[in-house]
Amino acid sequence: MGKNQEKIEAALARIDEGMENINTDKDWMEFLTFQSRFYSYSFRNTMLIYRQKPGATFVKGFKAWNQLGRYVKKGAKGIAILAPCIKKVEVFKEPENRAEYHEKEGEKEMRKVITGFRIAYVFDISDTDGSDGCLPVLVKGLSGDGEHVKEIYGKLKEFISTEHEVLEVEGTASKGSYNLETGVICVRSDVGHLQKIKTLIHEYAHSIDFAMHPEEDISRNKRELIAESTAFVVCERLGLDTSSYSMSYIKSWLKDKEELKAVAGSVQKVAARIIDSLAESGDSAFSYLKEEQ
């Protein structure tokens, strides 16, 4: 086994150990808070960063830091992550009408495929010095008040309404719902705007999760853990603290810590899809989300 492969095996073991050490709802919430900072990374790389430097807030490679006007401090220890090895290959292009086949050489196209992984290193902002001028808004810090939260809710509702009918309802025991057959999302009208935001994202996460994983044998526990964990991650990314709502909700559905292993990857994928969609919506209210790690 080569040195690179040994490092990869060690990284994979570190990921497994990280999941084993998440034993309570509090542990899970702490990891989700961390994940919100690194939503664009895969679940595996987020866990690798978390295990090596749990206090990390913003990471980049050596050269990327230089491009931002900062430099890595002498003696700083890099954080190992898994980077894909990509190769261009020539493949036959599928015909537009797959029912038609002809006796002639098929068209070819070049595609990028992942052939394996290698270890790469990134550094946290705490291990750098230099200018703050080019740092993203999220790193410098967000400010917000009641009006800010109200505006975010309105913009979020407007965005989600392009895909689903969103209704504000009264007289319901639940704070929200998603109808799998009609696609209608309901949110209680008599709760605060922060609660509405969290609930709206929770129900929207359900719609994405069901589209990604339509299997009927997925338990309700897992569905609810994915939706609420996603809502918490997205709200954290928006600069909104919904831990007082999410903690008790997650605790009520977390029956077995083994379920976290099953849902962790889905939470990352659903949250990344929502955050990326908001960032690319063109709405200035979400423009700061587009800044990548």
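In this predicted model, three strands form an open sheet with mixed pairing, and their order is E6-E8-E7. Strand E6 (166–169) and strand E7 (176–178) stand at the edges with a single partner strand each, so one side of each has no neighbour in the sheet. From one strand to the next, the twist averages 15°.

Let's look at one pair of strands. E6 and strand E8 (residues 185–188) run in the parallel sense and are joined over four bridges. Here you can find Leu167 opposite Cys186 in E8. Helices join the picture too: helix H6 (residues 146–160) packs on the sheet, where it touches E6 and E8, and its direction makes about 130° with that of E6. H7 also packs on the sheet, touching E6, E7 and E8, and its direction makes about 160° with that of E8.

Now follow H7 to another helix, H9. How do we describe two packed helices? We give the angle between their axes and the distance between the axes. The axes of H7 and H9 come within 10 Å and cross at roughly 45°, which means that H7 is oblique to H9. On the H7 side, the contact is made by Leu194, Gln195, Lys198 and His202, and on the H9 side by Tyr245, Ser246 and Tyr249. Sorted by class, this contact has three nonpolar, three polar and one charged residues.

Finally, turn to H9 itself (residues 243–253), where Ser246, Ile250 and Trp253 are buried. Seen down the helix axis, the buried residues of H9 fall within an arc of 65°, so they line one face. They pack against helices H2 (25–37), H7 (193–212), H8 (220–237) and H10 (258–279). On the other side of H9, Ser244 and Lys251 are exposed.

Conventions:
Residues are numbered from 1 along each chain as its sequence is written. This is a predicted model: local features need pLDDT of at least 70, side-chain atom pairs count only at pLDDT 80 or more; totals for chains, interfaces and linings use all residues. Side-chain values use heavy atoms; hydrogens and water are left out. Buried means under 20% relative accessible area, exposed over 50%, partly exposed in between (1.4 Å probe, protein chains only). Helices (H or I, at least four residues) and strands (E, at least two) are DSSP runs, numbered from the N terminus. The arc is that of the directions from the helix axis to the C-beta atoms. Contact means heavy atoms within 4.5 Å. Axes are lines fitted to C-alpha atoms, for helices over the stretch in contact, and angles run from 0 to 180 degrees between N-to-C directions. Angles under 35 degrees count as roughly parallel, over 145 as roughly antiparallel, 65 to 115 as roughly perpendicular and the rest as oblique. Ala, Val, Leu, Ile, Met, Phe, Trp, Tyr, Cys and Pro count as nonpolar, Asp, Glu, Lys and Arg as charged, and the others, Gly among them, as polar. Two strands pair if DSSP finds at least two bridges between them.
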